[in-house]
Amino acid sequence: MPASTAKPLRVAVLADSDTRWKWGALTANRIAPADADITLDGYLLRGRATPTARQLDEVGVRADSLREVTAVEFLREMAREDAAYDVLVLSLVGGGVQAMLHGLSHQWRESAATGRTKRPVVVTGYVGVVYEKLADGLLLRHGADLVLANSRQDADRFTAVYEGVGADASSVTEVALPFLGGDPYEKHDPYTVVFAAQPSVPESRKDRTYLLNRLVRHARLHPEREVLLKLRSRPGEHTTHIEEQPYQRLAERIPGGPPANFRLVYGHMGEVLDRTDLLVTVSSTAALESLHRRIPTVVLTDLGVRESLGNHHFVGSGCLASWDRLDDGHVPAPDERWVARQGVAAGGSAAEGGSYATAFDAARERIAELLAGEPLPALAPYYTPATAPGYLPGILARHHLAPDGSPLPGAPDADREPGPVRQIVRRAARGAYRHGVQRVAPVIRRMGEL
């Protein structure tokens, strides 16, 4: 067998939840130059949403290595001489990205003083629909070499924000969501309705109970259909967002129990979509996955069309509808121009936003240029101790970093792996936090309302 002629490419992905690990790892593969032979190392940032082994297995994305780290441990790892990565994907919340940009900048300045001039191309972006905190989240991501926008609409918005504050907008690069794909829609027997649940939308017990009851009612009105409640995590697990009122707990209280054609399901969203005839959600990114396959998709209006729910993002999509209409047999028809502008039009024309097959070409070309060119300049985030002295230090301190990006005294030791006792304590602390979020906090709030 002839030796491979592919160029080796070392990529590191730092993620803080199961969803962001999925986005980061898939993005790393999508944006790598076509002729690259990738080695992918995964780092999971230790915190409340660090994914469990089950969640990682469900995501289904594999890496050549995968380990859990603190922010300071990761930064010290990146400063090692043998950690010569070509591309670094920061798949974190905005504050985490900003902290890493400043921490990496500090580490690489120190490395440059010893003669090391090469640094990796730094990439970041969003895991799904950007419907809140647009300016805040974007400015916290500013400073990366590439800030990925999942659609033409997002690319325009991102550029406008950066230019509007006088920041360099050249990093904004249009791509698409990296997990779109699957077979085009075909009808199934039995007809299957899937409600894609979200951990924090809506938040209140009242609203979540309402949605669950309407889903159960739909199952009872249509006994010939299979009705599935697709859940993101099991009780005790956390995803990108905190889930204080798990649907599993609410489903235990369904009067008379659920009908025979109603089930709770877990697993990979793509596999669930393989058997879906109607996807229903409040504002989940699953709607874009569904639309990409041309599966009939509904974004619910029952709780209003509101920024706090995120369903305002779908205004103009043709997908907005209520449970009453669905109960009566309504099947939505998406607006093709809107769909194309979201980067999910598998068959869209170039004028409408291009094909998904070429959606990552610009990012690949940009990364190839940066890797082939002169040593990259120092990272230059918009936020600095001079531009945001009342905001930036607090963000960095949450990750045990000083205002200049250096580790604070007492930061976690990165020179050794945690022993068995420390591992047990960490697991217990994380479990106690999740119990407090899902069980104790809601009770305290209800007591406060009395």
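Me: I see that the largest cavity has a volume of about 60 Å³. How is empty space like that found in the first place?

Reply: Rolling a probe the size of a water molecule over the atoms shows where empty space is left. Keep in mind that this is a predicted model.

Me: Let's move on to helix pairs. At what angle do α5 and α6 cross?

Reply: Angles from 65 to 115 degrees count as roughly perpendicular. The axes of α5 (residues 134-141) and α6 (residues 152-164) cross at roughly 75° and come within 10 Å, so these two helices are roughly perpendicular to each other. On the α5 side, the contact is made by Leu134, Ala135, Leu138, Leu139 and Arg141; α6 brings Arg157, Phe158, Val161 and Tyr162.

Me: Now α4 and α5: are they roughly parallel or roughly perpendicular?

Reply: The cut-off to know is that angles under 35 degrees count as roughly parallel. The axes of α4 and α5 cross at roughly 20° and come within 7 Å, so the pair is roughly parallel. As for handedness, this crossing is left-handed.

Me: Which residues meet there?

Reply: From α4 you have Gly94, Gly95, Val97, Gln98 and Leu101, and they meet Leu139, Leu140 and Arg141 in α5. That contact divides into 4 nonpolar, 3 polar and 1 charged residues. Notice Leu139 and Arg141: they take part here, and they also belong to the α5 contact with α6.

Me: Is the crossing of α3 and α4 left-handed or right-handed?

Reply: α3 passes α4 in a right-handed crossing. The axes of α3 (residues 71-79) and α4 (residues 94-113) come within 9 Å and cross at roughly 35°. In α3 the contact involves Ala71, Phe74, Leu75, Arg76, Met78 and Ala79, while α4 supplies Met100, Gly103, Leu104, Gln107, Trp108 and Ser111. By class, the α3 and α4 contact has 8 nonpolar, 3 polar and 1 charged residues.

Me: Last topic, the backbone. Which residues are joined by a cis peptide bond with omega of about 5°?

Reply: That would be Asp189 and Pro190. To find Pro190, go to the loop between β7 (172-174) and β8 (192-196). Another cis peptide bond joins Val201 and Pro202, with omega of about -10°. Pro202 sits in the loop between β8 and α7 (205-221).

Me: What about phi: what is its value at Lys133?

Reply: The thing to spot is a positive value in a residue other than glycine, and the phi of Lys133 is near 50°. Lys133 lies in the loop between β5 (121-125) and α5, and Leu134 of α5 is one of the residues in the contact with α6.

Notes
Residues are numbered from 1 along each chain as its sequence is written. This is a predicted model: local features need pLDDT of at least 70, side-chain atom pairs count only at pLDDT 80 or more; totals for chains, interfaces and linings use all residues. Side-chain values use heavy atoms; hydrogens and water are left out. Axes are lines fitted to C-alpha atoms, for helices over the stretch in contact, and angles run from 0 to 180 degrees between N-to-C directions. Helices (H or I, at least four residues) and strands (E, at least two) are DSSP runs, numbered from the N terminus. A crossing is left-handed if the near helix is turned anticlockwise from the far one by less than a right angle, and right-handed if clockwise. Contact means heavy atoms within 4.5 Å. Ala, Val, Leu, Ile, Met, Phe, Trp, Tyr, Cys and Pro count as nonpolar, Asp, Glu, Lys and Arg as charged, and the others, Gly among them, as polar. On a 1 Å grid over the protein atoms alone, a cavity is a set of points where a 1.4 Å probe fits but cannot get out, and a pocket is an open set with protein on both sides within 12 Å along at least five of seven lines; lining residues have an atom within 4 Å of a point. Grid points are joined across faces, edges and corners, and a volume is the space filled by probe spheres set on the points. Angles under 35 degrees count as roughly parallel, over 145 as roughly antiparallel, 65 to 115 as roughly perpendicular and the rest as oblique.
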